[in-house]
Amino acid sequence: MRITTFAEYETAYQKSVEDPESFWAEIAQEFQWRKPWTKTLQWNFTEPNVKWFVGGKLNITENCLDRHLATRGDQPALIWEPNDPSEAGVTLTYRMLHDQVCRMANVLKKNGVVKGDRICIYMPMVPELAIAVLACARIGAVHSVIFGGFSAQSIADRINDAACKLVITADGAYRGNKEIPLKGTVDDALIGCPTVERVIVMTRTRTPVSMLKGRDVWMEQELKHVTADCPAEEMDAEDMLFILYTSGSTGKPKGVVHTCGGYMVYAAYTFQNVFQYDAPLGERAPTERSPVHFCTADIGWITGHSYIVYGPLACGATTLLFEGVPTYPDAGRLWDVVDKHDVNILYTAPTAIRSLMGFGLDPVKDKDLSSLKVLGSVGEPINEEAWHWYDDNIGKNRCPIVDTWWQTENGGILISPLAGITKTKPSFATLPLPGVQPVLVDENGKEIEGNGVSGNLCIKFPWPGILRTTYGDHERCRQTYFATYPGLYFTGDGCLRDEDGYYRITGRVDDVLNVSGHRIGTAEVENAINMHTGVVESAVVGYPHDIKGQGIYAYVITDQQPTDHDAELTKRDILATVTRVIGAIAKPDKIQFVSGLPKTRSGKIMRRILRKIAEGDTSNLGDTSTLLDPAVVEEIKNGAV
Ligand code: WTA
């Protein structure tokens, strides 16, 4: 299934458009199915209703683990690099990983989990996190991984939305020089989660934790009483594999649902092709070292799901899991990891590159980066300066950079170069992968054809990894993605197609922010700020930020105009409230107290004006005559922070 030349890409692309069903059927045949599918694709984008590999039966862990045992059982599947470089890491071969996943799956069964149950996972970046994910998949339980930076309130909302029965967590997590109390946060969350019957706690930091009798059990204890024999549950291709919550324009994050068959095929196909992972199944002698793929994302985000866990393992690759952060113990840590483990593929986010750029070249100087073959970027637009820095100093101008554009809802990469095959252009995601049919539309939904144009990015045909629904609320899925432009999947991104037909993503056109590659809804942040005592109303917009890509700018009305001294304290309190309600990733970078917000006569906040002021561009605020109180704009302009 690996494309090796640009001509092959063109042929594959054409075939994928002309005859998508046979194109994907051929690829899907390379996997292990318990029972073949009867219909490759059924779909409409109106309900929407998308089904791939209808009637097919499989278990994704048999594809990620069991089928590799004969050919590569002793090859490293997962390499773990701990937060503290002096702590010993872990290398798990496919055989060891298989064994551990089966044991963990038996622990889940022993604790009453059955097929279809939803399991919340709130863990540090340790091997047990990947093992827990796969253990759920092994027995047909649906995992909902929550990023370790989210607050108790966010956890509770997500647990309740999916009615999770069990939580897998750890006492704490190490992140840089910080120790984060995961179990304590889970305890706070569970005060409001009646569906949770059991909590499995792994020890990582030995942070003292409370263990509630009858509810909480230690993972290490549980593992003592199980065997490594756990047959995989037979799943329908369209059975739910996982839920992953992501932000949209409205206040409440939604549970994006991915299913077993299509997601597996798409994650694996895109992994192998985009990164040109050159270990086609069965072709490699088991003794030969397999290329090492290092994706720096957290498994709590979609990038970690698809390109740390499922994609690489489905392709029999060696995946590296890093517990720490790029700047601990110093700004050379990523390069140390590359050097130490002879990493061949490095997949990271522009925000990490920009922050490391700030430390200059000293941290890179003495590191041997010659093992690198492919560099990747994901999560937000990569600016040219960062692209060149990455190319010059990390790839030494000999590693292709793949700027991969995609979303939680997509399951895998949609627009990206194929490493070394597609000619790259800084800040362009370049061309759609086979199976992906992008279109640009204007505000009225009319397709903008030809090159040298821009518009809203939509996709007009399903690919196997497309979301199937939003958990518990299919109407919301329809409204959010399929109603804006009937017949099309709407991405929420603006996009430019240049003269060469290359795509460049210009950023969200809705009220979703992208802060350090993390998706955050403005309404979510506003709701959190509004929970703070004394806050009457708030409006949140994004503004360009040198390192984070976008920063969060909050305009806040309080019931009493604070004095200068009070204002500083109140700002800190508001940040504490946002951290408590959502998590530290949603903290505003700037807060401005205002006496009013620019509203139209119908009461709608004119965000366009607030965005301009936040950007520091007040020269031309456009037409303000429709405002209820134009004077407020002057006040906001003069008080900008
Ligand atoms: C943005 C992350 C420009 C985009 C995989 C998208 C990008 C949102 C890129 C999805 C890229 C992701 N260039 N923008 N290469 N990759 N984005 O769901 O705005 O966390 O809609 O998925 O990130 O974020 P999400």
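## Sheet, ligand shell and cysteines

Strand 6 (residues 118-122) and strand 8 (residues 166-170) run parallel and are joined by four bridges. Ile121 has Ile168 in strand 8 as its bridge partner. Strands here are DSSP runs of E with at least two residues, helices are runs of H or I with at least four, and both are numbered from the N terminus. Two strands pair if DSSP finds at least two bridges between them.

This is a predicted model: local features need pLDDT of at least 70, side-chain atom pairs count only at pLDDT 80 or more, and totals for chains, interfaces and linings use all residues. Residues are numbered from 1 along each chain as its sequence is written, and side-chain values use heavy atoms, with hydrogens and water left out.

**The ligand.** Which residues come nearest to the ligand? They are Asp403, Thr404, Thr408, Asp493 and Arg519, out of 17 residues around the ligand. A residue is near if one of its heavy atoms lies within 4 Å. The shell divides into six nonpolar, six polar and five charged residues. In this scheme Ala, Val, Leu, Ile, Met, Phe, Trp, Tyr, Cys and Pro are nonpolar, Asp, Glu, Lys and Arg are charged, and the others, Gly among them, are polar.

| Residue | Protein atom | Ligand atom | Distance |
|---|---|---|---|
| Gly379 | polar backbone atom | nitrogen | 3.1 Å |
| Glu380 | backbone N or O atom | nitrogen | 3.4 Å |
| Gln407 | polar side-chain atom | oxygen | 2.9 Å |

Taken alone, the ligand exposes 530 Å², and the protein buries 96% of that. Areas come from the Shrake-Rupley method with a 1.4 Å probe. Helix 11 (302-314), strand 20 (401-404) and strand 25 (503-508) are the elements that give two or more residues to the shell.

**The cysteines.** How many disulfides does the whole structure hold? The search finds zero. A disulfide would need two cysteine sulfur atoms within 2.5 Å. For Cys136, the nearest cysteine sulfur belongs to Cys164, 9.6 Å away. Cys136 is buried, at 0% relative accessible area. Buried means under 20%, exposed over 50%, and partly exposed in between (1.4 Å probe, protein chains only). Cys495 is also in no disulfide; the nearest cysteine sulfur is that of Cys458, 10 Å away. Cys495 counts as buried because its relative accessibility is 1%.

Conventions. A polar contact is a pair of N or O atoms within 3.5 Å; within protein, one must be able to donate a hydrogen and the other to accept it, and residues adjacent in sequence count only if both atoms are side-chain atoms.
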